[in-house]
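Please keep the sequence and the structure in view while working through the points.

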Amino acid sequence: MALSPENEHPVKAFGWAARDSSGHLSPFKFSRRATREKDVTFKVLYCGICHTDLHTIKNDWGLTSYPVVPGHEIVGVVTEVGTEVTKFKVGDKVGVAGMAGSCGTCANCKNDLENYCPKMIMTYGAKYYDGTITYGGYSDIMVSNEHFVIKIPDNLPLDGCAPILCAGITVYSPLKYYGLDKVGMHVGVVGLGGLGHMAIKFAKAMGLKVTIISSSPNKKKEAMNHLGADGFLVSHNKEEMQSAMGTMDGIIDTVSAVHALLPLIGLLKTHGKLVMVGAPEKPLELHIFPLLMGRKIVGGSCVGGVKEMQEMIDFASKHNIIADIELIPINYVNTAMERLSKGDVKYRFVIDIANSLASFS
C-alpha cells in the first residue's frame with residue numbers, strides 16, 4: 001500500500017558509495033522513501049557503470065556532494081506500485097536511467113524532452129522535491145515516479161540491456177533527431193568504446209552504412225568482424241582520411257578527449273552533420289569556413305526524453321540489440337573504475353547487484 005508523504009516511513013536500503021574525492025566506493029546504508037501513490041519500487045538486479053559515474057565519484061566537475069551512490073543504468077523487477085500507478089505491475093521488468101524528476105510544465109517537458117528541462121533532477125547526487133538526496137543504482141532497491149520508469153521487453157536480457165539506458169539512448173536520439181536514420185545513409189562514428197559500439201549496432205539496425213573513425217588501428221578487426229562496421233578509418237592516417245572526404249551524411253562523435261574537428265568536417269557531404277555526444281573537458285577548436293562551404297552543421301545531443309527512451313528500448317527489442325558487457329560483482333567495482341579510466345573494457349561494465357551486493361550488507 002502506498003503512503004502519503006506525511007505518513008510514510010523510510011525504507012532501509014543498502015549500496016556502495018563514495019565518501020570523498022578519492023572515489024573509493026564501499027558499503028553504505030541509507031534510506032529510500034516509501035512507495036508513494038505514483039511510485040514504482042523495484043529490486044535492482046543489474047546496474048551499468050558509465051563514465052559519468054567515474055567523473056562524479058572523483059568530483060571531476062566540482063559538483064559532487066558526498067556520500068554519493070552512483071549508477072543510472074539500472075534494471076530490475078517491480079516489487080510494489082503506488083495506488084495511482086497505471087503502467088506497471090508487480091513482476092514487470094523495468095529500468096531507470098539518468099532522470100528522477102523534472103518540472104513537468106516547461107516547454108521541454110511538454111514536448112517529451114524532460115532531459116532538457118532546466119529543473120531536471122538526476123538519478124543520483126541531486127536534491128529531490130522533498131529535500132532528500134537522490135541515490136543511484138549501485139544499491140538493492142530503487143523507488144521512482146512512474147513517469148521516469150522504462151518498461152523492459154521480455155526478450156532483452158537485463159544485464160546486457162542496462163547500458164542501453166545511457167549509452168544506447170545517447171546515440172539513438174541524435175541519429176533520429178538529425179535525420180541520420182534513413183536506409184542507405186553513410187554515417188561515421190568517432191571512437192569505439194561504450195558509446196561507439198552502441199552507435200554501430202543501432203545504425204546498422206536502421207539500415208545505414210557505418211564507418212568507424214578511430215585513433216587505434218588495432219580496433220579495426222573488432223569493429224568490422226565483430227560489430228559489423230562497413231569501414232574503418234585511422235584518424236591520424238592522412239591518406240585514409242583524404243580518401244573518404246565528402247562521403248558521409250553525418251558523424252556521431254563519441255570522444256570525450258580533446259581532438260581535431262576539422263578533419264571530421266572534411267568527411268561530410270554538403271549538408272552533412274557532425275553531432276557531438278562526448279564531452280571534452282577543454283574547448284575544441286572549430287573552423288567556420290569549412291562549415292560555410294557546404295552548409296554543414298555541428299550540433300550536440302544529450303540522452304533523450306522518457307518517450308524516446310521507451311521507443312529506443314522497443315527498437316532494441318525488435319532488433320535484438322544489447323550492449324557487449326563485462327559482468328562484475330560489486331566488490332570489483334573499484335578495480336573496474338581504474339580500468340574504465342584507462343579504457344580497459346569491452347565495452348561496458350555491469351554490476352551483478354542481485355548476486356553480489358547482499359553478501360556485503
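1. Thr-56. With a relative accessible area of 12%, Thr-56 is buried; here buried means under 20% relative accessible area, exposed means over 50%, and partly exposed lies in between, with a 1.4 Å probe and protein chains only. Thr-56 belongs to helix H1. Helices (H or I, at least four residues) and strands (E, at least two) are DSSP runs numbered from the N terminus. Setting aside neighbours within four places in sequence, Thr-56 is in contact with Trp-61, Thr-64, Tyr-66, Val-68 and Tyr-124, where contact means heavy atoms within 4.5 Å.

2. Basis of the model. This is a predicted model, in which local features need pLDDT of at least 70, side-chain atom pairs count only at pLDDT 80 or more, and totals for chains, interfaces and linings use all residues. Residues are numbered from 1 along each chain as its sequence is written, and side-chain values use heavy atoms, with hydrogens and water left out.

3. An unreviewed UniProt entry carries the annotation "domain: Enoyl reductase (ER)" for residues 23–351. UniProt positions are given in the numbering used here, feature names are shortened, and annotations may be inferred rather than shown by experiment. Over residues 23–351 the chain is 26% helix and 26% strand, and the end C-alpha atoms lie 17 Å apart.

4. Tyr-135. Is Tyr-135 buried or exposed? Its relative accessibility is 15%, so Tyr-135 counts as buried. Tyr-135 sits in the loop between strand E7 (121–122) and strand E8 (141–145). Not counting residues up to four places away in sequence, Tyr-135 touches Phe-28, Phe-30, Ser-31, Arg-32, Pro-67, Val-69, Thr-123, Tyr-124 and Met-142. Tyr-135 and Ala-13 are 122 residues apart in sequence, yet 10.0 Å apart in space, C-alpha to C-alpha.

5. Two cis peptide bonds. Most peptide bonds are trans. The bond from Tyr-66 to Pro-67, however, is cis, with omega near -5 degrees. Pro-67 is placed in the loop between H1 and strand E4 (74–81). The bond from Lys-346 to Tyr-347 is also cis, with omega near -15 degrees, and Tyr-347 is in the loop between H11 and E17.

6. Helix H10. Helix H10 (residues 306–319) has 14 residues and reaches 20 Å from its first C-alpha to its last, close to the 20 Å expected at 1.5 Å a residue; the expected span is 1.5 Å times one less than the number of residues. The buried residues of H10 include Val-306, Met-309, Met-312 and Phe-315. Its buried residues pack against strands E6 (99–101) and E9 (150–151), and against helices H3 (158–161), H4 (167–177) and H5 (194–205).

7. Positive phi values. Most residues other than glycine have a negative phi. Asn-320, which follows H10, has a positive phi near 55 degrees. With a relative accessible area of 60%, Asn-320 is exposed. Asp-112 has a phi near 60 degrees and is found in the loop between helix H2 (107–110) and E7. At 32% relative accessible area, Asp-112 is partly exposed.

8. Helix H11. Which residues of helix H11 (residues 333–341) are buried? They are Val-333, Asn-334, Ala-336, Met-337, Arg-339 and Leu-340. The buried residues of H11 pack against strands E1 (11–18), E2 (25–32), E16 (325–328) and E17 (348–352), and against helix H1 (51–57). Just after H11, Gly-343 takes a positive phi of about 75 degrees.

9. The cavity. A search of the whole structure finds one cavity of 30 Å³ or more. On a 1 Å grid over the protein atoms alone, a cavity is a set of points where a 1.4 Å probe fits but cannot get out, a pocket is an open set with protein on both sides within 12 Å along at least five of seven lines, and lining residues have an atom within 4 Å of a point. Grid points are joined across faces, edges and corners, and a volume is the space filled by probe spheres set on the points. The largest cavity holds about 40 Å³ of space. Its lining consists of Ala-97, Gly-98, Met-99, Phe-148, Ile-150, Val-306 and Met-309.
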